[in-house]
Amino acid sequence: VFAQEAPRGDAAAGKQLFTEKGCYSCHGFVGQGSREGPRLAPPMPFPAFVAQLRTPRLIMPPYVESVVSDKQAADLHAYLANLPKPPDPKTIKLLQ
């Protein structure tokens, strides 16, 4: 059973894991998403994040606990949660 809130993770460790585990190759270096993988930042609630990590719906490989521990999942979630939010499109002059 997952806690309703994310356990305290280490964003710096999560950033390293995001690269080591190859998350960036489909989700972009800052979780912005691409053709291969959806946007991850800001992340979904931790229980849904772990459920998707363990039993993905589409072509993503499953990251079972022997591949990514619950602590590492919390670190990844912390990294994604600490990324700066993208600017509001209304504030970008080029888009006006």
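Where is the place of Pro 42? Pro 42 sits in the loop between α2 and α3. This is a predicted model, where local features need pLDDT of at least 70, side-chain atom pairs count only at pLDDT 80 or more, and totals for chains, interfaces and linings use all residues. Residues are numbered from 1 along each chain as its sequence is written, and side-chain values use heavy atoms, with hydrogens and water left out.

**Overall layout**

- The chain has four helices and zero strands. Helices (H or I, at least four residues) and strands (E, at least two) are DSSP runs, numbered from the N terminus.
- From the N terminus on, the order of elements is α-α-α-α.
- The C-alpha trace spans about 45 × 30 × 25 Å along its principal axes.
- The chain has 96 residues, and 32% of them are buried. Buried means under 20% relative accessible area, exposed over 50%, and partly exposed in between (1.4 Å probe, protein chains only).
- Take the contacts between residues at least 6 apart in sequence: 60% join residues at least 24 apart. Contact means heavy atoms within 4.5 Å.

**Helix α1**

- Helix α1 covers residues 11–20, and its buried residues are Gly 14, Leu 17 and Phe 18. They lie on the same side of α1, because they cover an arc of only 105° around the axis. The arc is that of the directions from the helix axis to the C-beta atoms.
- An α-helix has 3.6 residues a turn, so residues three or four places apart point the same way.
- Ala 12, Lys 15 and Glu 20 are exposed on the other side of α1.
- The buried residues of α1 pack against α2 and α4.
- Asp 10 caps the N-terminal end of α1. One of its side-chain oxygens lies 2.9 Å from the backbone nitrogen of Ala 12. A polar contact is a pair of N or O atoms within 3.5 Å; within protein, one must be able to donate a hydrogen and the other to accept it, and residues adjacent in sequence count only if both atoms are side-chain atoms.
- Gly 22 follows α1, and its phi is positive, near 80°.

**The loop between α2 and α3**

- A cis peptide bond joins Ala 41 and Pro 42, with omega about -5°.
- Gly 28 is also found in this loop. Gly 28 is buried, with a relative accessible area of 9%.
- Gly 28 is in contact with Phe 18 and Cys 23, leaving aside neighbours within four places in sequence. Gly 28 and Phe 18 are ten residues apart in sequence and 9.8 Å apart in space, C-alpha to C-alpha.
- Met 44 belongs to the loop between α2 and α3 too. Met 44 is partly exposed, at a relative accessible area of 36%.
- Met 44 touches Phe 49 and His 77, not counting residues up to four places away in sequence. Met 44 and Leu 80 are 36 residues apart in sequence, and 9.5 Å apart in space, C-alpha to C-alpha.

**Helix α3 and Arg 54**

- Helix α3 is largely enclosed by the rest of the structure, because seven of its nine residues are buried. These are Phe 46, Pro 47, Phe 49, Val 50, Gln 52, Leu 53 and Arg 54.
- The buried residues of α3 pack against α4.
- Arg 54 lies in α3. Arg 54 is buried, with a relative accessible area of 15%.
- The side chain of Arg 54 reaches two backbone oxygens: that of Val 64 at 3.5 Å, and that of Val 68 at 2.6 Å.
- Arg 54 touches Pro 62, Tyr 63, Val 64, Glu 65, Val 68, Ser 69 and Asp 70, not counting residues up to four places away in sequence.

**The largest pocket**

- The largest pocket has a volume of about 530 Å³. On a 1 Å grid over the protein atoms alone, a pocket is an open set of points where a 1.4 Å probe fits, with protein on both sides within 12 Å along at least five of seven lines. Grid points are joined across faces, edges and corners, and a volume is the space filled by probe spheres set on the points.
- The lining has 23 residues, and His 27, Pro 38, Leu 40, Gln 52 and Met 60 lie nearest the pocket's centre. Lining residues have an atom within 4 Å of a point.
- Helices α2 (24–27), α3 (46–54) and α4 (70–82) each supply at least two residues of this lining.
- By class, the lining has 15 nonpolar, five polar and three charged residues. Ala, Val, Leu, Ile, Met, Phe, Trp, Tyr, Cys and Pro count as nonpolar, Asp, Glu, Lys and Arg as charged, and the others, Gly among them, as polar.
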